[in-house]
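Here's a walk through one model, going from ring pairs to sheets and helix packing. Have the viewer open alongside.

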Amino acid sequence: MGNLGQIISFAGFISPGIILFLCIVLMYKIERIKQLQNMASKLRDSVDEMDEQAKLIVRTDLELNKTQEALNKKLNGLYGLQKLSRKLSSTLQEEQLFTAVDPAQLEELGFEKGIIFLYNETEKKFILKAAVNYQKDNTEVIKSGLDKQKELFLDFMSKEKAINSSVSAQNKETIAKINSLFKTTSFVIAALLPKEGNRGFIFLGNEDASNLVTEGDEEVVNILATQLAQGMENARLFDESWRTHQELEKKVEERTHALSLALEELKIVSKRKTDFISSVSHELRTPLTSIKGYAAILLTEKLGALPPPVKERLEKINRHSDELTHFINDLLDISRIESGRVILNRQAQSLRPIAEKVFDLLSVQLKERQINSELIISPELPQAIFDTNQIERIFINIIGNALKFTPPEGKITVNIYAKGNMVEVDISDTGCGIPVESQEAIFEEFYRVDNLINQKVTGTGLGLTLVKKIIEAHEGKIWVKSSVGKGSTFSFTLPASPLK
(Lines give C-alpha, C1' and ligand atoms only; values in the text may rest on other atoms or scores of the structure.)
Protein backbone atom coordinates (compact mmCIF):
# COMPACT_ATOMS: atom_id res chain seq x y z
CA MET A 1 0.00 0.00 0.00
CA GLY A 2 2.81 2.25 0.78
CA ASN A 3 4.42 1.70 -2.58
CA LEU A 4 1.20 2.21 -4.39
CA GLY A 5 0.67 5.46 -2.62
CA GLN A 6 4.12 6.56 -3.50
CA ILE A 7 3.49 5.70 -7.09
CA ILE A 8 0.25 7.59 -7.11
CA SER A 9 1.88 10.46 -5.33
CA PHE A 10 4.70 10.46 -7.92
CA ALA A 11 2.27 10.21 -10.86
CA GLY A 12 0.34 13.13 -9.52
CA PHE A 13 3.56 15.02 -9.33
CA ILE A 14 4.73 14.38 -12.98
CA SER A 15 1.31 14.54 -14.80
CA PRO A 16 1.34 18.35 -15.22
CA GLY A 17 4.80 18.11 -16.78
CA ILE A 18 3.70 15.50 -19.29
CA ILE A 19 0.65 17.52 -20.15
CA LEU A 20 2.80 20.60 -20.59
CA PHE A 21 5.23 18.66 -22.77
CA LEU A 22 2.42 17.27 -24.88
CA CYS A 23 0.98 20.76 -25.25
CA ILE A 24 4.33 22.08 -26.39
CA VAL A 25 4.70 19.22 -28.89
CA LEU A 26 1.17 19.83 -30.13
CA MET A 27 1.80 23.56 -30.59
CA TYR A 28 4.99 22.78 -32.47
CA LYS A 29 3.14 20.35 -34.71
CA ILE A 30 0.40 22.90 -35.32
CA GLU A 31 2.99 25.58 -36.21
CA ARG A 32 4.76 23.12 -38.51
CA ILE A 33 1.49 22.27 -40.17
CA LYS A 34 0.88 25.99 -40.75
CA GLN A 35 4.35 26.34 -42.26
CA LEU A 36 3.74 23.34 -44.48
CA GLN A 37 0.36 24.78 -45.46
CA ASN A 38 2.04 28.11 -46.33
CA MET A 39 4.67 26.29 -48.32
CA ALA A 40 2.00 24.25 -50.08
CA SER A 41 0.08 27.47 -50.85
CA LYS A 42 3.21 29.12 -52.23
CA LEU A 43 3.97 26.00 -54.19
CA ARG A 44 0.49 26.04 -55.65
CA ASP A 45 0.95 29.74 -56.51
CA SER A 46 4.31 28.96 -58.14
CA VAL A 47 2.76 26.09 -60.06
CA ASP A 48 -0.09 28.36 -61.19
CA GLU A 49 2.41 31.07 -62.15
CA MET A 50 4.54 28.56 -64.02
CA ASP A 51 1.41 27.32 -65.76
CA GLU A 52 0.55 30.88 -66.81
CA GLN A 53 4.11 31.44 -67.96
CA ALA A 54 4.01 28.18 -69.89
CA LYS A 55 0.77 29.26 -71.52
CA LEU A 56 2.31 32.69 -72.29
CA ILE A 57 5.38 31.02 -73.76
CA VAL A 58 3.18 28.82 -75.94
CA ARG A 59 1.14 31.82 -77.06
CA THR A 60 4.31 33.82 -77.68
CA ASP A 61 5.79 30.95 -79.63
CA LEU A 62 2.65 30.72 -81.73
CA GLU A 63 2.73 34.46 -82.32
CA LEU A 64 6.42 34.29 -83.21
CA ASN A 65 5.78 31.45 -85.62
CA LYS A 66 2.92 33.40 -87.14
CA THR A 67 5.07 36.54 -87.37
CA GLN A 68 7.95 34.51 -88.82
CA GLU A 69 5.64 33.04 -91.43
CA ALA A 70 4.31 36.49 -92.29
CA LEU A 71 7.87 37.84 -92.44
CA ASN A 72 9.03 34.97 -94.63
CA LYS A 73 6.04 35.54 -96.90
CA LYS A 74 6.84 39.25 -97.09
CA LEU A 75 10.52 38.57 -97.78
CA ASN A 76 9.59 36.09 -100.51
CA GLY A 77 7.21 38.64 -101.93
CA LEU A 78 9.88 41.35 -101.92
CA TYR A 79 12.40 38.95 -103.48
CA GLY A 80 9.88 38.04 -106.16
CA LEU A 81 9.07 41.73 -106.66
CA GLN A 82 12.77 42.52 -107.10
CA LYS A 83 13.15 39.83 -109.77
CA LEU A 84 10.01 41.04 -111.48
CA SER A 85 11.20 44.66 -111.32
CA ARG A 86 14.39 43.70 -113.18
CA LYS A 87 12.30 42.07 -115.90
CA LEU A 88 10.00 45.09 -116.17
CA SER A 89 12.90 47.53 -116.36
CA SER A 90 14.63 45.50 -119.09
CA THR A 91 11.92 46.02 -121.72
CA LEU A 92 10.46 49.03 -123.49
CA GLN A 93 7.64 47.13 -125.20
CA GLU A 94 4.23 47.25 -123.56
CA GLU A 95 3.16 43.72 -124.49
CA GLN A 96 6.30 42.26 -122.88
CA LEU A 97 5.49 44.14 -119.66
CA PHE A 98 2.22 42.29 -119.22
CA THR A 99 3.71 38.88 -119.93
CA ALA A 100 6.52 39.41 -117.41
CA VAL A 101 4.44 37.92 -114.56
CA ASP A 102 4.65 34.12 -114.91
CA PRO A 103 3.23 31.45 -112.51
CA ALA A 104 6.55 30.94 -110.69
CA GLN A 105 6.96 34.63 -109.95
CA LEU A 106 3.30 34.95 -109.02
CA GLU A 107 3.86 32.24 -106.41
CA GLU A 108 6.91 34.09 -105.09
CA LEU A 109 4.73 37.13 -104.65
CA GLY A 110 2.39 35.00 -102.51
CA PHE A 111 -0.54 34.68 -104.91
CA GLU A 112 -2.16 31.87 -106.86
CA LYS A 113 -3.89 33.81 -109.64
CA GLY A 114 -3.35 37.03 -111.51
CA ILE A 115 -5.01 38.96 -114.32
CA ILE A 116 -4.48 42.38 -115.96
CA PHE A 117 -7.04 44.49 -117.82
CA LEU A 118 -6.79 47.87 -119.56
CA TYR A 119 -9.81 50.08 -120.24
CA ASN A 120 -10.04 51.41 -123.80
CA GLU A 121 -11.34 54.96 -123.42
CA THR A 122 -12.28 55.20 -127.09
CA GLU A 123 -14.22 51.94 -127.33
CA LYS A 124 -15.42 52.10 -123.70
CA LYS A 125 -14.55 48.48 -122.93
CA PHE A 126 -12.06 46.38 -120.97
CA ILE A 127 -9.24 44.61 -122.83
CA LEU A 128 -7.49 41.55 -121.41
CA LYS A 129 -3.69 42.01 -121.41
CA ALA A 130 -2.46 39.05 -119.30
CA ALA A 131 -3.81 36.13 -117.27
CA VAL A 132 -1.95 33.66 -115.01
CA ASN A 133 -3.65 30.42 -113.89
CA TYR A 134 -6.92 31.42 -115.57
CA GLN A 135 -8.44 29.40 -118.40
CA LYS A 136 -9.78 31.12 -121.51
CA ASP A 137 -13.43 30.47 -120.58
CA ASN A 138 -12.73 31.97 -117.12
CA THR A 139 -11.29 35.16 -118.65
CA GLU A 140 -14.30 35.53 -120.95
CA VAL A 141 -16.65 35.25 -117.96
CA ILE A 142 -14.55 37.80 -116.05
CA LYS A 143 -14.55 40.22 -119.01
CA SER A 144 -18.32 39.93 -119.29
CA GLY A 145 -18.62 40.58 -115.55
CA LEU A 146 -16.38 43.66 -115.82
CA ASP A 147 -18.59 45.11 -118.54
CA LYS A 148 -21.66 44.58 -116.33
CA GLN A 149 -19.97 46.13 -113.27
CA LYS A 150 -18.04 48.74 -115.22
CA GLU A 151 -18.66 51.64 -112.81
CA LEU A 152 -17.36 49.63 -109.84
CA PHE A 153 -14.05 48.80 -111.50
CA LEU A 154 -13.67 52.27 -113.01
CA ASP A 155 -14.01 53.54 -109.45
CA PHE A 156 -11.25 51.13 -108.36
CA MET A 157 -9.09 52.42 -111.20
CA SER A 158 -9.45 55.98 -109.93
CA LYS A 159 -7.80 55.13 -106.60
CA GLU A 160 -4.06 55.43 -106.18
CA LYS A 161 -3.92 52.88 -103.34
CA ALA A 162 -4.53 49.14 -103.76
CA ILE A 163 -7.69 47.53 -102.34
CA ASN A 164 -7.29 44.56 -99.99
CA SER A 165 -10.24 42.16 -99.57
CA SER A 166 -9.26 41.38 -95.96
CA VAL A 167 -9.70 44.97 -94.74
CA SER A 168 -12.93 45.16 -92.77
CA ALA A 169 -13.69 48.65 -94.04
CA GLN A 170 -14.53 47.25 -97.48
CA ASN A 171 -18.12 46.48 -98.41
CA LYS A 172 -18.54 42.76 -97.69
CA GLU A 173 -21.14 42.34 -100.44
CA THR A 174 -18.83 43.96 -103.00
CA ILE A 175 -15.90 41.80 -101.83
CA ALA A 176 -18.06 38.70 -102.17
CA LYS A 177 -19.06 39.65 -105.74
CA ILE A 178 -15.45 40.22 -106.76
CA ASN A 179 -14.33 36.92 -105.19
CA SER A 180 -17.14 35.15 -107.02
CA LEU A 181 -16.27 36.76 -110.35
CA PHE A 182 -12.53 36.01 -110.12
CA LYS A 183 -12.91 32.61 -108.37
CA THR A 184 -10.92 33.63 -105.28
CA THR A 185 -11.38 33.81 -101.52
CA SER A 186 -9.10 36.83 -101.05
CA PHE A 187 -7.45 39.34 -103.37
CA VAL A 188 -5.65 42.62 -103.91
CA ILE A 189 -6.61 44.90 -106.79
CA ALA A 190 -4.49 47.91 -107.79
CA ALA A 191 -4.99 50.55 -110.49
CA LEU A 192 -2.53 51.01 -113.36
CA LEU A 193 -2.33 54.78 -113.85
CA PRO A 194 0.19 55.86 -116.51
CA LYS A 195 0.47 59.63 -117.14
CA GLU A 196 -1.04 59.18 -120.61
CA GLY A 197 -2.82 56.39 -122.44
CA ASN A 198 -5.31 53.78 -121.26
CA ARG A 199 -5.75 53.12 -117.55
CA GLY A 200 -6.24 49.64 -116.15
CA PHE A 201 -5.86 47.38 -113.11
CA ILE A 202 -3.95 44.33 -111.91
CA PHE A 203 -5.81 41.71 -109.88
CA LEU A 204 -3.91 39.15 -107.75
CA GLY A 205 -5.76 36.64 -105.58
CA ASN A 206 -5.83 33.29 -103.81
CA GLU A 207 -8.33 30.47 -104.11
CA ASP A 208 -7.13 28.67 -100.96
CA ALA A 209 -9.12 30.01 -97.99
CA SER A 210 -6.17 29.36 -95.64
CA ASN A 211 -3.92 31.59 -97.74
CA LEU A 212 -5.49 34.97 -97.01
CA VAL A 213 -3.88 38.16 -98.28
CA THR A 214 -2.41 40.63 -95.81
CA GLU A 215 -1.59 44.32 -95.73
CA GLY A 216 1.98 43.35 -96.65
CA ASP A 217 0.62 41.76 -99.83
CA GLU A 218 -1.20 45.01 -100.52
CA GLU A 219 2.07 46.96 -100.29
CA VAL A 220 3.79 44.56 -102.71
CA VAL A 221 0.94 44.84 -105.25
CA ASN A 222 0.96 48.62 -104.86
CA ILE A 223 4.65 48.73 -105.77
CA LEU A 224 4.13 46.30 -108.66
CA ALA A 225 1.25 48.38 -110.06
CA THR A 226 3.35 51.54 -109.86
CA GLN A 227 6.22 49.87 -111.71
CA LEU A 228 3.87 48.48 -114.36
CA ALA A 229 2.36 51.94 -114.89
CA GLN A 230 5.83 53.47 -115.13
CA GLY A 231 6.83 50.74 -117.58
CA MET A 232 3.72 51.49 -119.68
CA GLU A 233 4.67 55.19 -119.69
CA ASN A 234 8.27 54.38 -120.66
CA ALA A 235 7.06 52.06 -123.42
CA ARG A 236 4.73 54.76 -124.75
CA LEU A 237 7.50 57.38 -124.72
CA PHE A 238 9.91 54.96 -126.39
CA ASP A 239 7.32 54.09 -129.04
CA GLU A 240 6.69 57.78 -129.73
CA SER A 241 10.43 58.44 -129.81
CA TRP A 242 10.99 55.51 -132.16
CA ARG A 243 8.21 56.63 -134.50
CA THR A 244 9.51 60.20 -134.43
CA HIS A 245 13.02 58.90 -135.14
CA GLN A 246 11.73 56.83 -138.06
CA GLU A 247 9.82 59.79 -139.45
CA LEU A 248 12.87 62.00 -138.98
CA GLU A 249 15.10 59.46 -140.70
CA LYS A 250 12.63 59.28 -143.57
CA LYS A 251 12.50 63.08 -143.84
CA VAL A 252 16.31 63.28 -143.63
CA GLU A 253 16.59 60.63 -146.33
CA GLU A 254 14.08 62.47 -148.52
CA ARG A 255 15.78 65.81 -147.86
CA THR A 256 19.22 64.30 -148.49
CA HIS A 257 17.97 62.87 -151.78
CA ALA A 258 16.46 66.24 -152.69
CA LEU A 259 19.69 68.01 -151.74
CA SER A 260 21.70 65.51 -153.78
CA LEU A 261 19.51 66.21 -156.80
CA ALA A 262 19.77 69.95 -156.15
CA LEU A 263 23.54 69.62 -155.80
CA GLU A 264 23.78 67.74 -159.07
CA GLU A 265 21.63 70.39 -160.73
CA LEU A 266 23.77 73.09 -159.12
CA LYS A 267 26.91 71.42 -160.45
CA ILE A 268 25.37 71.30 -163.91
CA VAL A 269 24.29 74.96 -163.68
CA SER A 270 27.71 75.93 -162.29
CA LYS A 271 29.46 74.10 -165.11
CA ARG A 272 27.20 75.75 -167.66
CA LYS A 273 27.87 79.13 -166.06
CA THR A 274 31.62 78.50 -166.05
CA ASP A 275 31.55 77.31 -169.66
CA PHE A 276 29.40 80.29 -170.63
CA ILE A 277 31.67 82.79 -168.90
CA SER A 278 34.73 81.18 -170.42
CA SER A 279 33.17 81.18 -173.88
CA VAL A 280 31.87 84.76 -173.65
CA SER A 281 35.18 85.99 -172.22
CA HIS A 282 37.11 84.47 -175.09
CA GLU A 283 34.60 85.90 -177.56
CA LEU A 284 34.97 89.36 -175.97
CA ARG A 285 38.75 89.29 -176.12
CA THR A 286 38.93 89.40 -179.93
CA PRO A 287 36.91 92.59 -180.51
CA LEU A 288 38.36 94.12 -177.33
CA THR A 289 41.90 93.52 -178.61
CA SER A 290 40.96 95.17 -181.91
CA ILE A 291 39.38 98.17 -180.16
CA LYS A 292 42.41 98.62 -177.91
CA GLY A 293 44.77 98.17 -180.85
CA TYR A 294 43.04 100.76 -183.03
CA ALA A 295 42.82 103.19 -180.11
CA ALA A 296 46.54 102.75 -179.41
CA ILE A 297 47.42 103.33 -183.10
CA LEU A 298 45.33 106.49 -183.24
CA LEU A 299 46.85 107.76 -179.99
CA THR A 300 50.33 107.55 -181.54
CA GLU A 301 49.08 110.13 -184.10
CA LYS A 302 50.92 108.31 -186.86
CA LEU A 303 47.80 108.62 -188.97
CA GLY A 304 47.56 112.32 -188.27
CA ALA A 305 47.25 114.80 -185.45
CA LEU A 306 44.25 114.47 -183.19
CA PRO A 307 42.17 117.30 -181.80
CA PRO A 308 42.28 117.38 -177.97
CA PRO A 309 38.62 116.27 -177.52
CA VAL A 310 39.21 113.26 -179.79
CA LYS A 311 42.45 112.37 -178.05
CA GLU A 312 40.75 112.59 -174.64
CA ARG A 313 37.99 110.22 -175.78
CA LEU A 314 40.51 107.77 -177.26
CA GLU A 315 42.39 107.72 -173.94
CA LYS A 316 39.11 106.89 -172.18
CA ILE A 317 38.53 104.09 -174.70
CA ASN A 318 42.03 102.78 -174.03
CA ARG A 319 41.62 103.01 -170.23
CA HIS A 320 38.21 101.33 -170.23
CA SER A 321 39.54 98.67 -172.54
CA ASP A 322 42.25 97.90 -169.98
CA GLU A 323 39.59 97.68 -167.22
CA LEU A 324 37.45 95.42 -169.38
CA THR A 325 40.46 93.23 -170.15
CA HIS A 326 41.23 92.95 -166.43
CA PHE A 327 37.57 92.06 -165.77
CA ILE A 328 37.63 89.37 -168.47
CA ASN A 329 40.88 87.95 -167.12
CA ASP A 330 39.36 87.69 -163.64
CA LEU A 331 36.30 85.90 -165.04
CA LEU A 332 38.50 83.47 -166.93
CA ASP A 333 40.68 82.82 -163.88
CA ILE A 334 37.63 82.10 -161.71
CA SER A 335 36.16 79.73 -164.31
CA ARG A 336 39.52 77.96 -164.67
CA ILE A 337 39.88 77.48 -160.91
CA GLU A 338 36.28 76.24 -160.58
CA SER A 339 36.74 73.75 -163.39
CA GLY A 340 40.11 72.59 -162.03
CA ARG A 341 41.98 73.66 -165.17
CA VAL A 342 44.47 75.84 -163.27
CA ILE A 343 47.73 74.10 -162.46
CA LEU A 344 49.34 75.65 -159.39
CA ASN A 345 53.13 75.64 -159.16
CA ARG A 346 53.19 75.19 -155.39
CA GLN A 347 56.59 75.25 -153.71
CA ALA A 348 57.88 75.62 -150.18
CA GLN A 349 59.14 79.20 -149.87
CA SER A 350 59.01 82.28 -147.68
CA LEU A 351 56.24 84.87 -147.87
CA ARG A 352 58.62 87.69 -146.96
CA PRO A 353 59.85 88.45 -150.53
CA ILE A 354 56.27 88.47 -151.86
CA ALA A 355 55.02 90.86 -149.18
CA GLU A 356 58.03 93.20 -149.58
CA LYS A 357 57.64 93.21 -153.40
CA VAL A 358 53.94 94.15 -153.20
CA PHE A 359 54.63 96.91 -150.69
CA ASP A 360 57.31 98.22 -153.05
CA LEU A 361 54.92 98.15 -156.02
CA LEU A 362 52.24 100.02 -154.10
CA SER A 363 54.58 102.43 -152.34
CA VAL A 364 53.85 105.26 -154.80
CA GLN A 365 50.07 104.95 -154.26
CA LEU A 366 50.55 104.77 -150.49
CA LYS A 367 52.60 107.94 -150.59
CA GLU A 368 50.17 109.77 -152.89
CA ARG A 369 47.22 108.93 -150.62
CA GLN A 370 49.24 109.77 -147.48
CA ILE A 371 48.57 106.33 -145.97
CA ASN A 372 51.00 104.85 -143.47
CA SER A 373 51.99 101.21 -143.80
CA GLU A 374 53.71 98.59 -141.68
CA LEU A 375 54.97 95.08 -142.50
CA ILE A 376 55.40 92.76 -139.49
CA ILE A 377 56.96 89.37 -140.14
CA SER A 378 57.63 86.88 -137.37
CA PRO A 379 61.37 86.12 -137.05
CA GLU A 380 60.50 82.42 -136.68
CA LEU A 381 58.24 82.36 -139.72
CA PRO A 382 58.34 78.95 -141.43
CA GLN A 383 58.13 78.51 -145.17
CA ALA A 384 54.69 78.15 -146.72
CA ILE A 385 53.62 76.06 -149.71
CA PHE A 386 52.18 78.27 -152.47
CA ASP A 387 52.27 79.42 -156.08
CA THR A 388 54.22 82.70 -156.17
CA ASN A 389 52.22 84.42 -158.93
CA GLN A 390 48.85 83.56 -157.45
CA ILE A 391 49.73 84.63 -153.89
CA GLU A 392 51.21 87.87 -155.24
CA ARG A 393 47.82 88.57 -156.84
CA ILE A 394 46.16 87.99 -153.45
CA PHE A 395 48.43 90.53 -151.71
CA ILE A 396 47.89 93.10 -154.49
CA ASN A 397 44.13 92.59 -154.48
CA ILE A 398 43.58 92.83 -150.71
CA ILE A 399 46.07 95.67 -150.10
CA GLY A 400 44.68 97.44 -153.21
CA ASN A 401 41.17 97.25 -151.69
CA ALA A 402 42.53 98.62 -148.41
CA LEU A 403 44.04 101.55 -150.34
CA LYS A 404 40.65 102.36 -151.90
CA PHE A 405 38.76 102.46 -148.61
CA THR A 406 41.36 103.92 -146.20
CA PRO A 407 41.29 107.73 -145.81
CA PRO A 408 44.43 109.92 -145.76
CA GLU A 409 46.51 109.63 -142.57
CA GLY A 410 45.11 106.10 -142.16
CA LYS A 411 47.22 102.97 -141.84
CA ILE A 412 47.57 99.57 -143.51
CA THR A 413 49.31 96.82 -141.53
CA VAL A 414 50.39 93.39 -142.79
CA ASN A 415 51.24 90.83 -140.09
CA ILE A 416 52.61 87.39 -141.07
CA TYR A 417 53.16 84.64 -138.48
CA ALA A 418 52.93 80.92 -137.84
CA LYS A 419 49.75 79.42 -136.40
CA GLY A 420 49.79 75.67 -135.81
CA ASN A 421 50.62 73.92 -139.07
CA MET A 422 49.59 76.97 -141.08
CA VAL A 423 51.03 80.38 -141.92
CA GLU A 424 48.54 83.19 -141.29
CA VAL A 425 48.48 86.61 -142.95
CA ASP A 426 46.45 89.48 -141.42
CA ILE A 427 45.98 92.60 -143.58
CA SER A 428 44.41 95.38 -141.49
CA ASP A 429 43.27 98.88 -142.44
CA THR A 430 41.68 101.85 -140.70
CA GLY A 431 39.10 102.36 -143.42
CA CYS A 432 35.31 102.64 -143.39
CA GLY A 433 34.69 99.04 -142.35
CA ILE A 434 32.15 96.47 -143.55
CA PRO A 435 28.68 95.87 -142.04
CA VAL A 436 28.26 92.50 -140.30
CA GLU A 437 25.51 91.41 -142.69
CA SER A 438 27.86 91.89 -145.68
CA GLN A 439 30.97 90.20 -144.31
CA GLU A 440 30.12 86.78 -145.80
CA ALA A 441 28.61 88.14 -149.03
CA ILE A 442 31.68 90.16 -150.08
CA PHE A 443 33.34 86.92 -151.24
CA GLU A 444 30.46 86.22 -153.65
CA GLU A 445 30.69 87.10 -157.34
CA PHE A 446 29.70 90.68 -158.31
CA TYR A 447 28.75 91.62 -154.73
CA ARG A 448 29.57 95.17 -153.66
CA VAL A 449 28.82 96.73 -150.28
CA ASP A 450 26.26 99.50 -150.60
CA ASN A 451 27.96 102.59 -149.17
CA LEU A 452 29.00 106.09 -150.28
CA ILE A 453 32.64 105.13 -150.87
CA ASN A 454 31.71 102.17 -153.10
CA GLN A 455 29.51 104.45 -155.18
CA LYS A 456 32.59 106.55 -155.98
CA VAL A 457 35.14 103.70 -156.30
CA THR A 458 34.98 101.59 -159.43
CA GLY A 459 35.19 97.80 -159.23
CA THR A 460 33.83 94.60 -160.73
CA GLY A 461 33.00 92.72 -157.52
CA LEU A 462 35.18 89.82 -158.65
CA GLY A 463 38.43 90.56 -156.81
CA LEU A 464 37.61 88.95 -153.46
CA THR A 465 35.83 86.05 -155.20
CA LEU A 466 39.03 85.33 -157.12
CA VAL A 467 41.09 85.68 -153.92
CA LYS A 468 38.86 83.16 -152.11
CA LYS A 469 39.09 80.66 -154.99
CA ILE A 470 42.91 80.92 -155.05
CA ILE A 471 43.20 80.50 -151.26
CA GLU A 472 40.91 77.46 -151.26
CA ALA A 473 42.88 75.97 -154.16
CA HIS A 474 45.93 76.25 -151.86
CA GLU A 475 43.98 74.36 -149.10
CA GLY A 476 43.76 77.50 -147.01
CA LYS A 477 40.96 79.68 -145.64
CA ILE A 478 40.08 83.39 -145.81
CA TRP A 479 37.81 85.49 -143.58
CA VAL A 480 37.22 89.06 -142.50
CA LYS A 481 36.62 90.84 -139.20
CA SER A 482 35.34 94.38 -139.45
CA SER A 483 33.53 97.17 -137.62
CA VAL A 484 31.85 100.03 -139.47
CA GLY A 485 33.94 103.20 -139.08
CA LYS A 486 36.87 101.35 -137.45
CA GLY A 487 38.40 99.40 -140.30
CA SER A 488 38.75 95.80 -141.44
CA THR A 489 41.15 92.88 -141.10
CA PHE A 490 41.32 90.31 -143.90
CA SER A 491 43.02 87.10 -142.80
CA PHE A 492 44.04 84.09 -144.84
CA THR A 493 46.07 80.94 -144.18
CA LEU A 494 48.43 78.81 -146.24
CA PRO A 495 49.83 75.38 -145.37
CA ALA A 496 53.22 75.59 -143.66
CA SER A 497 56.08 73.51 -145.02
CA PRO A 498 56.88 70.52 -142.76
CA LEU A 499 60.20 70.83 -140.88
CA LYS A 500 62.98 68.65 -142.30
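Helix α5 covers residues 150-156 and holds both Phe153 and Phe156, which sit three residues apart, or about one turn of the helix. Helices here are DSSP runs of H or I with at least four residues, strands are E runs of at least two, and both are numbered from the N terminus. A note on the source: this is a predicted model, where local features need pLDDT of at least 70, side-chain atom pairs count only at pLDDT 80 or more, and totals for chains, interfaces and linings use all residues. Residues are numbered from 1 along each chain as its sequence is written, and side-chain values use heavy atoms, with hydrogens and water left out.

Phe153 counts as buried because its relative accessibility is 0%, and Phe156 counts as buried too, at 9%. (Buried is under 20% relative accessible area, exposed over 50%, partly exposed in between, with a 1.4 Å probe and protein chains only.)

## The aromatic cluster

Searching the whole structure turns up ten aromatic pairs. One of them is Phe153 with Phe156, edge-to-face at 5.7 Å centre to centre and 90° between the planes. For the cut-offs, rings of Phe, Tyr and Trp (its six-membered ring) pair if their centres lie within 6.5 Å; planes under 30 degrees apart are stacked, over 60 edge-to-face, and the rest tilted.

Phe153 also forms an edge-to-face pair with Phe182, at 6.1 Å centre to centre and 65° between the planes. That pair links distant parts of the chain, with Phe153 in helix α5 and Phe182 in helix α6, 29 residues apart. Phe182 has 0% relative accessibility, so it counts as buried. One aromatic cluster takes in Phe117, Tyr119, Phe126, Phe153, Phe156, Phe182, Phe187, Phe201 and Phe203.

## The five-stranded sheet

In what order do the five strands of the open sheet run? The order is β2-β1-β5-β4-β3, with antiparallel pairing; strands pair if DSSP finds at least two bridges between them. At the edges are β2 (125-132) and β3 (163-164), each pairing on one side only.

Helix α4 (residues 136-148) packs on this sheet and touches β1 (113-120), β2 and β5, its direction making about 45° with that of β1. Helix α6 (residues 172-182) packs on the sheet as well, touching β1, β4 and β5, at about 90° to the direction of β4. Axes are lines fitted to C-alpha atoms, for helices over the stretch in contact, and angles run from 0 to 180 degrees between N-to-C directions. Contact means heavy atoms within 4.5 Å.

Within the sheet, seven bridges join β4 (residues 186-192) to β5 (residues 200-206). Ala190 stands opposite Ile202 in β5.

## Further along the chain

Helix α9 (residues 352-361) and helix α11 (residues 388-405) have axes that come within 10 Å and cross at roughly 45°. The two are therefore oblique to each other (under 35 degrees is roughly parallel, over 145 roughly antiparallel, 65 to 115 roughly perpendicular, and the rest oblique). Residues making the contact include Ile354 and Phe359 of α9 and Ile391 and Phe395 of α11.

Strand β7 (residues 372-377) runs parallel to β9 (residues 411-419), joined by six bridges, and Leu375 stands opposite Val414 in β9. Eight bridges join β9 to β10 (residues 422-429), which run antiparallel; Tyr417 has Glu424 in β10 as its bridge partner. The hairpin of β9 and β10 has two residues between the strands, and Gly420 takes a positive phi near 65° there.
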